[in-house]
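This briefing covers a pocket and a pair of packed helices. The structure comes next, followed by the notes.

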Amino acid sequence: MNESKSVKIMGWEIADRLEESRPGIFDRIALQKSEIRAIGISVLIFSFLLVLSLWLAGNPFASTTSLTPELTGGKTIIWWVVLLAVVFEFLDSAAGMGYGTAITPMLLAVGFQPIQIVPVIMMQQAAAGLTSAFLHREFSNVEWRMKPVSESVRLSLIITISGCFAIILSVSAVYGFFKLSQQWIKLYVALLLVMMGVVSLFHSGKRREYQPGKMIFFGALAGFNKGIGGGGYGPVVTIGGVLSGVPVKTMMAITALSEGSVCVVSLIVWFSLMASGTVLDFALFPSMMLGSLFAVVAAPYAVKVLPRKVLSWCIPAYSCILAAYMLIKVIGNLL
C-alpha cells in the first residue's frame with residue numbers, strides 16, 4: 001500500500017499505454033464516445049467565442065477602432081486570414097508551435113500593424129491552448145492528475161509561472177515604455193528559433209533524462225518571446241521540453257496548457273494598457289476564431305493517431321522550417 005502511494009505519476013504513462021496497446025495508426029483512428037462528446041463541447045465553446053469576436057470587431061468601446069479599414073474592405077470575415085488560421089493553428093496544436101511565429105510576419109507583410117496582430121493572437125491562443133489541453137487529455141495524449149499531482153501538471157505550472165512573469169515584463173517594456181523596432185524583435189526571435197531548431201534536430205530520436213529544472217529558463221524565455229512579438233513561444237517550450245526529457249506527445253499537451261494560461265495573463269496586461277489609453281483593433285479576431293474552430297479539434301486527434309517516432313522527427317524539422325522562413329522575411333526587410 002505504501003509503495004503504491006510513493007509511485008510518482010508522470011502524466012505521460014497513458015500515452016505510452018495507448019501506443020503499446022494499439023500500435024498501428026489505424027488502431028487509433030476510431031473515436032470513443034467520450035472523445036466525441038469532448039469534440040462537441042469544444043465546438044460549442046468556440047462558437048460562443050466566435051460570437052464574442054464578432055462583437056469586439058464592431059468596436060464596442062471608446063478605445064477600440066479600425067486602424068486599417070482598407071485591408072479588410074469593410075468585411076467582418078477575411079477569408080484568406082481564415083485559411084491561414086486553419087493551417088497554422090492545426091500545425092500549432094499538433095506540433096506545439098507555429099501559429100504566432102508564422103502568421104505574424106505574414107500579416108505584417110500585408111500591412112497590418114503589430115497592435116492589431118499581437119493582442120488578437122493572444123486572445124485566440126488563450127482559447128485554442130486551453131481547449132487543446134482539454135482535448136489532448138480526452139484523446140489520451142496526457143493525464144492531468146491532481147491527487148497525487150502528476151508531473152505533467154507540475155511542469156505546466158513551472159512553465160506557466162515563469163512565462164507569466166516574463167510576458168508581463170516584455171509587453172510592458174516593449175509596448176508600454178521602450179517602443180522597440182519590430183524588425184529587431186523579429187530578428188532576435190528568428191535567430192533564437194534557428195539555434196533551437198538545429199539543436200533539436202541533432203537530438204531527435206534520443207530519449208533524454210527528465211530534467212524539469214531546465215523548463216524554468218525555457219518557460220521564461222518563451223514568455224518573453226510571446227510578449228514582444230506574438231510568436232516564438234511554442235517552439236521554445238516544445239523543443240525545450242523534449243530536450244528536458246518529456247515524451248513528445250505529452251509535451252504537445254503541456255505546451256498547449258501553458259501557452260493558453262500565459263496568454264490569459266497577457267490579455268490582462270493588454271486590457272490594462274487599453275484602459276490607460278492604448279487603442280486596440282479586433283478586426284482580425286473573428287477570422288482567426290473561425291479558422292481555429294476546425295484546427296483545434298483536429299490537431300490533438302492527429303497527435304493521438306500519429307506514432308511517437310514520427311512526431312519526434314517532424315516537430316524539430318518543422319521548427320527549423322519556421323525559423324528559416326522567419327529569418328528570410330526579417331533579413332529581406334532589413335536589406
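**The second largest pocket**

Phe90, Leu91, Ala94, Ala95, Ala302, Val303, Leu306, Val310, Leu311, Cys314, Ile315 and Tyr318 line the second largest pocket (a pocket is an open set of points on a 1 Å grid over the protein atoms alone, where a 1.4 Å probe fits, with protein on both sides within 12 Å along at least five of seven lines; lining residues have an atom within 4 Å of a point). This is a predicted model, in which local features need pLDDT of at least 70 and side-chain atom pairs pLDDT 80 or more, while totals for chains, interfaces and linings use all residues. Residues are numbered from 1 along each chain as its sequence is written, and side-chain values use heavy atoms, without hydrogens and water.

Pocket
- The second largest pocket holds about 170 Å³ of space (the volume filled by probe spheres set on the points).
- Helix H5 (79-95), H13 and helix H14 (308-334) each give at least two residues to its lining (helices are DSSP runs of H or I, at least four residues, numbered from the N terminus).
- H14 provides the largest share of this lining, five residues.

Helix pair
- Helix H7 (residues 114-138) packs against helix H13 (residues 285-305) at an angle of about 25°, with the axes 9 Å apart (axes are lines fitted to C-alpha atoms over the stretch in contact, and angles run from 0 to 180 degrees between N-to-C directions).
- H7 and H13 are therefore roughly parallel (angles under 35 degrees).
- Among the residues of H7 that meet H13 are Val120, Ile121 and Met123 (contact means heavy atoms within 4.5 Å).

Note on methods: Angles under 35 degrees count as roughly parallel, over 145 as roughly antiparallel, 65 to 115 as roughly perpendicular and the rest as oblique.
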